[in-house]
Amino acid sequence: MERRSVSERAPGTTPFEESELAASEVVVAIAQTLPSRDKASSLNAIQRLTQRAALEGADMVTFPEAAMISPDVVSGAPASYAESLDGPFVRAVAECAAMHRVVVVAGMFERTGGGRPYNTIIAIGSAGEHLGTYRKTYLYDGFGYQESATVQPGPGDRLTFDVNGMRFGLLTCYEVRFPELALELVVAGADALLVPAAWVRGRLKEMQWEVLLRARAIEGGVYAIGCGQAGGPYIGASICVDPAGVVRCGAGEGEELLVARLSRARLEAVRERFPAALQRRGRLTP
């Protein structure tokens, strides 16, 4: 996908009004990386791109699923590569977030004590504090692959956290195929969905990735941000979609840092025109 971005000024706004709109934005950097077969190299990429994100003015930077180490390595002996949430990887990410004053979201393999690890996403605040943890619930048992053979499913707890007044909800990769998971996060107040992924190449897979993210954005009235692993067996194709389903920026296949501006004004304008969240019948429990 060709990289592209969109910058809008609302018709008739003055510079002062435009600055007010800017104040209601959250700037998200999308760090498309190929995690190494070596933890130290993967961590170096996280540190390097977090610094770049901070220089770009980002409030938050998100990395792919399994940003700690390549899932190709872990698939052979996952327990030997997994770490606890107070282990060296999380400590280093927390130090990096605090150093650059940026929220960092990244994937890891979390030790469980029961053999198979969790496929976990951590969210670390800009002061290095722990904002939350999400353990992938729906594992990638499809397209001839069986993630559940090496990874333990999470308990189903959902994660949302706030950055500058905007609420983010977490899904991991394959889970974007299940609209009920995204809608649970919307019911819990999410304004944006973060989807760290390692989306494997295959027939129609690039098209499916974009269509699914656009669908989750439109039906939920939220931003949808997919951060994919770069190159190798993965498609890359990181993307930010706005609540109307418009692609705001997108990446190619290699390492890349995208910067997306999430606008509260845009979010509220789309929701006012299409108040699906208020019209939905039945019950979803977050």
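1. A residue counts as buried when its relative accessible area is under 20%, as exposed when it is over 50%, and as partly exposed in between. E110 has 7% relative accessibility, so E110 counts as buried. The model is a predicted one, and the points below should be read with that in mind.

2. The side chains of E110 and R135 meet in a salt bridge, at 2.8 Å from N to O. This pair links distant parts of the chain: E110 belongs to strand β3 (residues 103-110) and R135 to strand β5 (residues 130-135), 25 residues apart. R135 has a relative accessible area of 22%, so R135 is partly exposed. Side chains of opposite charge can pair when their charged atoms come close.

3. A second pair joins R158 and E184. Their side chains form a salt bridge of 2.9 Å, N to O. R158 sits in the loop between β7 (145-146) and β8, while E184 sits in helix α6, so the bridge ties together parts that are 26 residues apart in sequence. Are these two partners buried or partly exposed? R158 is partly exposed, at 23% relative accessibility. E184 is buried, with a relative accessible area of 17%.

4. The next pair spans much of the numbering. R261 forms a salt bridge with E25, and the closest N and O atoms are 3.4 Å apart. R261 lies in strand β14 (residues 256-263) and E25 in strand β1 (residues 25-32), so the pair ties together parts that are 236 residues apart in sequence. E25 is partly exposed, with a relative accessible area of 22%. How many salt bridges does the model hold? The count comes to 15.

5. Now the sheet. Six strands form an open sheet in the order β8-β9-β10-β11-β12-β13, and the pairing is mixed. β8 (160-163) and β13 stand at the edges with a single partner strand each, so one side of each has no neighbour in the sheet. From one strand to the next, the twist averages 20°. Strands of a sheet pair through backbone hydrogen bonds, either parallel or antiparallel.

6. Strand β12 (residues 239-241) and strand β13 (residues 247-250) run antiparallel and are joined by three bridges. V241 stands opposite V247 in β13. The hairpin of these strands has five residues between them, and G245 there takes a positive phi near 90°.

7. Helix α7 covers part of this sheet. It lies across β10, β11, β12 and β13, and runs at about 30° to β12.

8. Which residues of α7 are buried? They are K205, Q208, W209, E210, L212, L213, R216, A217 and G220. These buried residues pack against α6 (179-187), β10 (192-196), β11 (223-227), β12 and β13. An α-helix has 3.6 residues a turn, so residues three or four places apart point the same way.

9. T50 is worth a look in the viewer. It is found in helix α2 (residues 39-55). T50 has a relative accessible area of 0%, so T50 is buried. What does T50 touch, leaving out residues up to four places away in sequence? Its contacts are V61, F63, C96, H100 and V104. The C-alpha atoms of T50 and C96 are separated by 7.4 Å, although these residues are 46 apart along the chain.

10. Last, the cysteines. A disulfide is a covalent bond between the sulfur atoms of two cysteines. The structure holds zero disulfides. C96, one of the residues that T50 touches, counts as buried at 5% relative accessibility. C173 is also buried, at 6% relative accessibility.

Conventions
Residues are numbered from 1 along each chain as its sequence is written. This is a predicted model: local features need pLDDT of at least 70, side-chain atom pairs count only at pLDDT 80 or more; totals for chains, interfaces and linings use all residues. Side-chain values use heavy atoms; hydrogens and water are left out. Two strands pair if DSSP finds at least two bridges between them. Helices (H or I, at least four residues) and strands (E, at least two) are DSSP runs, numbered from the N terminus. Buried means under 20% relative accessible area, exposed over 50%, partly exposed in between (1.4 Å probe, protein chains only). Contact means heavy atoms within 4.5 Å. Axes are lines fitted to C-alpha atoms, for helices over the stretch in contact, and angles run from 0 to 180 degrees between N-to-C directions. A salt bridge is a side-chain nitrogen of Lys or Arg within 4 Å of a carboxyl oxygen of Asp or Glu. A disulfide is a pair of cysteine sulfur atoms within 2.5 Å.
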